[in-house]
Each structure stands twice: as C-alpha cells, then as structure tokens.
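Hi everyone, thanks for making time.

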Amino acid sequence: MLTPVTDTDGASFWGYARQGELRVQACADCGEPRFPPRPCCPHCQSFATEWRRTEGHGRIWSYVLPHPPLLPAYAEQAPYNVIVVELADAPRVRLVGNLVAEAGARLDSVPPERIRIGAKVQVVFTDGGLPQWVLERP
C-alpha cells in the first residue's frame, strides 16, 4: 500500500488522520474551508489557518474504475475504485479516496455496480491513518 507524502502544509491533515479524525484546513479570518491545504486563503488571501474537525460524512461526487491499474502494486485488486467525496459539512471540499466494505479492506471489496454518484458515505481509517470511505447505512 502506498503511503502519503507529507509536506509542511498537509502534515497536520495526516497527523489528525492517524488519530482517526478527519479535519480540513480553514481560514481563521474568513472561515472558508479549503483542500488541499495551502498557506494562503484563496478567498481573502489571509495566512491565518486553523484545522476544523468534520463529521466525516459526504456523498460520492464522482468515481473511476482504473483499467488497467495505474500502479503495478495494485494489479491484483483491479478493477478497484477511486472516488471523489464531497463533504457534507464543507461542500466546497472534495477528497479523493477509495470506497471499501470496511476500514482496511481491499480496494476491490465493494462491487463496482454498488457505486453510485450521490451515494452517502462515511469516513473510516486504516491502521496507518489513511482515510477510506464506506457506504452509510440507512
């Protein structure tokens, strides 16, 4: 499994994720959430930031099923999904991840026919702190 490359701006995101928290960077002046993390607010140009905890709920905004796999390490799990999730409590924030049956499950653990744009999802975390997504139960 790949591990994220952290930079100064994104280090806090991954630190919170290792603790099982989904947080997004927000401007401490105008309040706008933003992702990916960056030093300056694109709305008001402030350099003041804070990290806000989210509820970790969202909806599938888009998805793809890579054929063939883009990375050789994932060949045995193909076809797998890559989803874009729009957060419910920060709708301008969209995160890329995988829809899985449960935290830490294989990337092919959800059949492609179960993936729908608009489906409600909830964040889960692998043991290493990688955010993944599961379908919300009604």
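Glu50 is partly exposed, with a relative accessible area of 32%; by that term I mean between buried, under 20%, and exposed, over 50%, using a 1.4 Å probe and protein chains only. Arg52 and Glu50 form a salt bridge with their closest N and O atoms 3.0 Å apart, a salt bridge being a side-chain nitrogen of Lys or Arg within 4 Å of a carboxyl oxygen of Asp or Glu.

A quick word on the source: this is a predicted model, where local features need pLDDT of at least 70, side-chain atom pairs count only at pLDDT 80 or more, and totals for chains, interfaces and linings use all residues. Residues are numbered from 1 along each chain as its sequence is written, and side-chain values use heavy atoms, leaving out hydrogens and water.

How many salt bridges does the structure hold? There are 8. One of them joins Arg106 and Asp108, at 3.0 Å from N to O; Arg106 is partly exposed at 38%, and Asp108 at 30%. Now look at Arg23 and Glu21: their closest N and O atoms are 2.6 Å apart, and both residues are buried. Glu21 and Arg23 also belong to a salt-bridge network with Arg53.

On to the core. The largest nonpolar core has 22 residues, and Leu22 and Leu99 are among those with the most contacts inside it. Such a core is a set of buried Ala, Val, Leu, Ile, Met, Phe, Trp, Tyr and Cys residues joined through side-chain atoms within 4.5 Å.
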